[in-house]
Amino acid sequence: MVAPESLSLAQARRMTLAAQGFADPAPAGVPTRRHLRRVLDRVGLIQMDSVNVLQRAHYLPLYSRLGPYPTSLLDSAAYRRPRELFEYWGHEASLVPVGLHAALRWRMAKARDDAWGGMRRIAAEQPELVAWVRDEVAAAGPLTAAEIEHDAPRETGNWGWNWSAVKRALEFLFWAGEVTAADRTPSFARRYDLPERVLPAAALDAPTPTDADAYRTLVAVAARSLGVAAEPELRDYFRLPLAGARQAVAELVEAGELVPVTVQGWRQPAWRHVDARLPRWVRGNTLVSPFDPLVWERARTERLFGFGYRIEIYVPAAQRVHGYYVLPFLQGERFTARVDLKADRKAGVLLVPAAWQEPGVDPGETAVALAAELRRLAGWLGLDAVAPPAAGDLAAPLAAALRSLTGVP
């Protein structure tokens, strides 16, 4: 057996950042569909989340890699013909390239076993409701859950119909691939329609692979997007079953697409994708979403960057350490700070409830870089100003750096 390659931790970091698109050159002008495709090729899929305290989560990974870009670029790729993305359960709720539709049909086929409890119960206990909801979508889609519930024949309500039941039925059908998201309303509600009226025919007509072939495809996408990774991260990227992911890794190693490596300080065996590149350095400063694939797997983030990170949205306010919606600040090849942010759209101000520095950084240098990035982010969000930070051990230097950008002494 050939000995695994050996990578230093710094090499693994640079390889990961390059694989995720952080080493790519910034667009010379306004980003185009070509730049969007480049990012999608790097990250493989984009996670969605309903929290809108700053910006919808799915818009932020492109910002982190392209800088300010028109969000209509992503909207068009996801919700206008010719669609390049569709909504489905990838990592979590995600925008996934339409070319991966066939590779996710195993999950659709297992909806009655794998979907969340409320969805499974609706399918098992109220099949008439599920069938009626699908017929409503077929007859009049695209429709929101509220629009379908409004038309529900309550006189036959012995099935216990209400908004929650209709929504659960829709979500079961969505998991099963029988309906999909045509688009989103301004309030971010899904409008459901039949896949054949939404997705490209080529995606729907693609042959359904075996489960093993699908797992291998998805692990390969994860490996290419991560650059170098241990098995848990390769499996977690698309939330694959343990046995299927392990078999896929073994088969990809046998095929030469994954190369065994050891990484300094890592206990787990690791693999790099055969096409992973190792840049000499990674430059640039950018904020990273809590839902960015770079930091999805928190144990990997700590192992790779020495950065312990958790999102504290669901932590009671009195128990939060860093804040409600905290974004890591990537400065070159490391995370040097984290900042709690909120967009006050009515006042036109980017609020900074707290800013924190990481151990061993130069607070002045980090504050200057972060201040420039906050101004850039505010401009992209259509906000006129950045408020001085209210708390945190980086608050004072960051406030000074923000004042210097505006010429205020």
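Student: Which residues does Leu 350 touch, not counting residues up to four places away in sequence?

Tutor: Contact means heavy atoms within 4.5 Å. By that rule Leu 350 touches Leu 54, Leu 341, Lys 342, Leu 374, Leu 377, Ala 378, Leu 381, Leu 383, Ala 385, Val 386 and Ala 387. This is a predicted model, in which local features need pLDDT of at least 70 and side-chain atom pairs pLDDT 80 or more, while totals for chains, interfaces and linings use all residues. Residues are numbered from 1 along each chain as its sequence is written, and side-chain values use heavy atoms, with hydrogens and water left out.

Student: How many residues has the largest nonpolar core?

Tutor: In soluble globular proteins, nonpolar side chains tend to be buried together. A nonpolar core is a set of buried Ala, Val, Leu, Ile, Met, Phe, Trp, Tyr and Cys residues joined through side-chain atoms within 4.5 Å; buried means under 20% relative accessible area, exposed over 50%, partly exposed in between (1.4 Å probe, protein chains only). Here the largest core has 115 residues, and Leu 350 is one of those with the most contacts inside it.

Student: What is the place of Glu 84?

Tutor: Helices (H or I, at least four residues) and strands (E, at least two) are DSSP runs, numbered from the N terminus. Glu 84 is in the loop between helix H4 (72-79) and strand E3 (85-89).

Student: Is Glu 84 buried or exposed?

Tutor: Glu 84 is buried, as its relative accessible area is 18%. Leaving aside neighbours within four places in sequence, the contacts of Glu 84 include Arg 33, Ala 77 and Val 96.
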